[in-house]
Amino acid sequence: MTLSFLIYKIILVVIVFAVTLVVAMYSTYAERKVAAFLQDRIGPNRAGPFGILQPLADGIKMFMKEEVIPGASNKTLFIIGPSLVLLTACMTGVVIPWGSPLVIDGTVYPLQITDVNIGILYLFGVISLGVYGIMIGGWASNNKYSLLGAMRASSQMISYEVAMGLSIIALVMTTGTLSLGQIAEQQHGWHWNVFVQPLGFFIFIICAFAETNRAPFDLPECETELVGGYHTEYSSMKLGFFLFAEYINMFISSAVIATFYFGGYNMPFIERFVQDPNWLAILGVVFLFMKIVFFIFVFMWVRWTLPRFRYDQLMNLGLLFK
Amino acid sequence: MITTYLFYFLSFLAIMFALMVVFSKNPVHSVLYLVLTFFTIAGHYVLLNAQFLAAVHIIVYAGAIMVLFLFVIMLLNLNKETEPHKSVWLKASAAVASGLLLVVLVGSLKSAETIVATNAFDPNIGLIENLGKVLFSEFLLPFEVSSVLLLVAMVGAVMLGKKSIK
């Protein structure tokens with residue numbers, strides 16, 4: 001392991017982390033704009049031109065608010081809860097292949113932080129750990145509504161993990177590998193997995209909605225029944241962490257869907273126009289981000305179109321149709 | 001060299017968290033320390049280059065089983081008032097029994113011989129391709145038998161979970 005290799009990896013980690021945060025930040029703005037568009041409104045337009053400084057204003061507002069820690073709560077766990085949620089949300093980005101490798105002066109620079117040979121299992125493990133932050137936060141608040149919200153969130157996430165695991169197993173059987181880098185590589189040209197596994201893709205995207213706790217599966221924070229769900233007692237930036245982690249999860253889920261089923265950084269027929277492998281790699285990153293933005297839009301589109309499920313309907317959908 | 005230090009560090013953490021599981025007053029804290037113990041053990045698997053085992057260990061224990069533990073303990077809402085009070089005789093007999101167990105364990109460890117590794121450690125043995133090949137050739141029968149066992153457990157769980165059998 002040479003020093004330059006280490007420095008390259010550190011730079012890549014910092015870039016991926018920064019891009020994840022920036023995309024998540026602007027997803028909050030995009031969500032409000034998409035909601036406004038679907039409801040025939042204008043949306044945020046005061047902070048900066050077209051309101052593009054709105055996420056910054058929101059962030060400053062979150063930081064400046066008074067921080068309230070309930071007296072009867074378990075203080076350590078109350079702080080650990082939102083931190084864990086954000087940590088697990090940021091951990092998944094390391095195995096996603098953002099582009100084909102760059103070759104500069106004969107040295108290969110892969111645009112993936114690490115291509116572990118158990119990439120899918122790593123992803124699955126981190127997703128299954130995401131439950132802890134919500135459960136700990138909900139329980140430590142010492143509030144009935146928070147506890148109920150946490151219970152809903154965790155039971156929903158556990159039950160949809162099963163269906164997600166089954167759809168991933170179907171994918172692994174067709175691709176024959178657990179490494180995300182190889183899965184993206186195999187989908188060169190038109191060999192996208194979605195044409196081989198349309199049902200698997202459908203199940204996976206439904207489970208992704210459930211795992212990110214977004215509408216139509218946002219029962220854990222159902223306002224009409226549970227005040228605010230598992231983050232009822234949270235204020236200031238701790239609440240911000242919970243809300244922000246949802247957008248990071250959405251970004252990562254979109255990246256995973258694009259990599260698993262929609263060819264990752266591959267785009268058909270691009271070799272006819274561009275031959276240089278380095279330009280292809282850079283274009284690949286652009287194509288991947290185009291796919292990711294499309295899926296983030298789908299997430300928002302569904303949220304502002306479909307009503308919320310009832311809780312028993314949700315569990316029936318998750319556990320009986322298998 | 002660095003792996004040796006990591007081994008001692010992880011072992012220290014594993015033992016410390018395991019002790020915290022026993023000594024913490026709050027059952028929720030116990031469960032969370034147990035989760036951390038599982039993480040350190042997964043770290044040991046990674047040091048042995050058995051990444052598949054480490055990932056499965058995290059998914060199954062930390063991701064599924066401990067979540068259910070946490071679920072039950074949080075819903076039961078255990079605290080000082082609801083704790084069942086045991087008589088002094090029960091406590092004394094428990095102390096004697098566990099003391100005897102300690103004596104037996106120490107005695108058996110004292111007379112045990114140190115095991116010498118017969119064949120050199122193959123760093124690739126834990127990788128998923130090699131593991132799959134070994135499972136489907138050398139250990140095919142135990143593998144299939146355990147799959148039948150899991151199927152039986154699954155059918156049993158579904159039968160018990162049903163409300164009424166028509």
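This is a predicted model: local features need pLDDT of at least 70, side-chain atom pairs count only at pLDDT 80 or more; totals for chains, interfaces and linings use all residues.
The crossing of helix 4 of chain A and helix 2 of chain B is left-handed. From helix 4 of chain A, Leu129(A), Tyr132(A), Ile136(A) and Trp139(A) take part, and they meet Val28(B), Leu32(B), Val35(B) and Phe39(B) of helix 2 of chain B.

Helix 3 of chain B, residues 51–76, packs with helix 4 of chain A at an angle of about 20 degrees, the axes being 9 Å apart. That makes helix 4 of chain A roughly parallel to helix 3 of chain B. Here, too, the crossing is left-handed. On the side of chain A, the contributing residues include Leu121(A), Phe124(A), Gly125(A), Tyr132(A) and Trp139(A). On the side of chain B, among them are Phe52(B), Ile59(B), Gly63(B), Met66(B) and Phe71(B).

Which helix of chain A itself packs with helix 4 of chain A? Helix 10, residues 236–261, does so, with helix 4 covering residues 119–140. Their angle is about 165 degrees and their axes lie 13 Å apart. That makes these two helices of chain A roughly antiparallel. Helix 4 of chain A supplies Ile120(A), Leu123(A), Gly133(A), Ile134(A) and Gly137(A) to the contact, while helix 10 of chain A supplies Phe242(A), Val256(A) and Phe260(A). The handedness of this crossing is left-handed.

I now move to charged pairs. Over all chains, a search of the whole structure finds 3 salt bridges. One of them joins Glu31(A) to Arg303(A), with the closest N and O atoms 3.1 Å apart. Glu31(A) belongs to helix 1 of chain A and Arg303(A) to helix 11 of chain A, residues 277–303, so this pair ties together parts that are 272 residues apart in sequence.

Finally, the surface. Leu3(A), Leu6(A), Ile7(A), Ile10(A), Ile11(A), Val14(A), Ile15(A) and Val19(A) form a nonpolar patch there, and their accessible area together is about 710 Å². Of this group, Val14(A) is found in helix 1 of chain A, which covers residues 3–38.

Conventions:
Residues are numbered from 1 along each chain as its sequence is written. Chains are lettered from A and ligands numbered from 1 in the order in which they are written. Side-chain values use heavy atoms; hydrogens and water are left out. Patches are made of residues with over 30% relative accessible area and no salt bridge: like charges are joined within 9 Å, nonpolar side chains (Val, Leu, Ile, Met, Phe, Trp, Tyr) within 5 Å. Accessible areas come from the Shrake-Rupley method with a 1.4 Å probe; for residues, only the protein chains shown count as cover. A salt bridge is a side-chain nitrogen of Lys or Arg within 4 Å of a carboxyl oxygen of Asp or Glu. Helices (H or I, at least four residues) and strands (E, at least two) are DSSP runs, numbered from the N terminus. Axes are lines fitted to C-alpha atoms, for helices over the stretch in contact, and angles run from 0 to 180 degrees between N-to-C directions. Angles under 35 degrees count as roughly parallel, over 145 as roughly antiparallel, 65 to 115 as roughly perpendicular and the rest as oblique. A crossing is left-handed if the near helix is turned anticlockwise from the far one by less than a right angle, and right-handed if clockwise. Contact means heavy atoms within 4.5 Å.
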